Amino acid sequence: MITVIALLFLLFVVLGAYATVKVIGAAKRGVDRTISQARRTVEDTTLRARTLAQPGPTGELAELRLKLRTSMRATQDALHAGVADDESLKESLGLFERLSAHGHELDDELKRLESEPDRATLAARLPALRERTERITQSADSLRWAARDRARRFADDDLDSLSAQIDVEAGALRHWTEEPGPAAAGWPEAPAADGAASGGQTWPESPESRRAEEPTRSAIDPPVRGPAYPWQKKPRPESTT
């Protein structure tokens with residue numbers, strides 16, 4: 001009994017520790033997600049501010065970073081949301097992961113160049129950086145819009161099928177007809193006067209009529225003569241006097 005109780009206590013302790021670790025892990029992931037979102041929001045706000053407050057190469061670098069991050073984040077959200085309903089988007093998601101590697105590399109390079117003191121060198125490199133950013137964002141936008149067009153096409157097809165079914169059902173509901181009711185049963189024809197059997201319908205016979213039609217039997221039936229045996233005396237004739 002003591003061993004069983006100890007095992008149950010140990011099992012409860014292990015389950016409690018596992019549940020605690022899972023809860024802590026979920027809370028930590030939630031906190032990390034919140035921190036990441038807050039950090040992205042702060043960075044985007046800073047980039048917008050630099051785009052407006054710092055004209056020249058620095059402001060253009062901030063504008064390129066903001067454009068790149070916005071496009072990549074929107075495509076990522078669209079693909080992750082659509083892959084749950086459409087398995088064919090997994091290949092597109094794999095292509096986007098490869099594109100994301102180039103996007104992160106470009107974003108890190110743009111971030112380093114923001115602190116570059118040589119403005120002339122920075123201005124000379126801006127056209128190549130602008131073209132590279134444009135290629136990445138165009139690829140990301142192409143994937144995003146293709147996924148959205150595919151989802152909308154499926155939605156349109158489903159809506160067309162649903163509309164056709166509703167039209168058929170509505171037509172069936174409007175096509176009402178009056179069904180003929182049961183015909184009223186007619187009275188049976190009277191029997192012929194001469195009593196001859198006719199092919200028409202006659203009144204149903206009742207037990208009383210059947211008994212009335214049976215021939216009446218006499219109240220006193222004649223005696224039935226039984227078989228004659230040799231030892232019996234012959235009946236004497238009745239006297240007529």
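Angles under 35 degrees between two axes count as roughly parallel, over 145 as roughly antiparallel, 65 to 115 as roughly perpendicular, and the rest as oblique. The axes themselves are lines fitted to C-alpha atoms, for helices over the stretch in contact, and the angles run from 0 to 180 degrees between N-to-C directions.

This is a predicted model, in which local features need pLDDT of at least 70 and side-chain atom pairs count only at pLDDT 80 or more, while totals for chains, interfaces and linings use all residues. Residues are numbered from 1 along each chain as its sequence is written, and side-chain values use heavy atoms, with hydrogens and water left out.

**Overall make-up**

The protein has five helices and zero strands, where helices (H or I, at least four residues) and strands (E, at least two) are DSSP runs numbered from the N terminus. Along the sequence this gives the pattern α-α-α-α-α. Of the 241 residues in the protein, 17% are buried, a term that stands for under 20% relative accessible area, with exposed meaning over 50% and partly exposed in between (1.4 Å probe, protein chains only). Among the contacts with a separation of 6 or more, 65% join residues 24 or more positions apart, a contact being heavy atoms within 4.5 Å.

The table sets out their pairings.

| Pair | Axis distance | Angle |
|---|---|---|
| H3 and H4 | 11 Å | about 155° |
| H2 and H3 | 10 Å | about 160° |

H2 passes H4 in a left-handed crossing, which is one where the near helix is turned anticlockwise from the far one by less than a right angle (right-handed if clockwise). The contact of H2 with H4 has 16 nonpolar, five polar and eight charged residues; here Ala, Val, Leu, Ile, Met, Phe, Trp, Tyr, Cys and Pro count as nonpolar, Asp, Glu, Lys and Arg as charged, and the others, Gly among them, as polar.

H3 and H4 pack at about 155°, and H3 is therefore roughly antiparallel to H4. Their crossing is left-handed, and the contact includes Leu-106 and Leu-110 of H3 together with Leu-129 and Ile-136 of H4. By class, its residues divide into 12 nonpolar, five polar and five charged.

H2 and H3 are likewise roughly antiparallel to each other, with a left-handed crossing and a contact of 13 nonpolar, seven polar and six charged residues.

Leu-110, which lies in helix H3, counts as buried because its relative accessibility is 0%. Leaving aside residues up to four places away in sequence, Leu-110 touches Leu-61, Leu-64, Arg-65, Leu-129 and Thr-133. Leu-110 and Leu-61 are 49 residues apart in sequence, and 6.3 Å apart in space, C-alpha to C-alpha.

Ala-123, in helix H4, is partly exposed because its relative accessible area is 38%.
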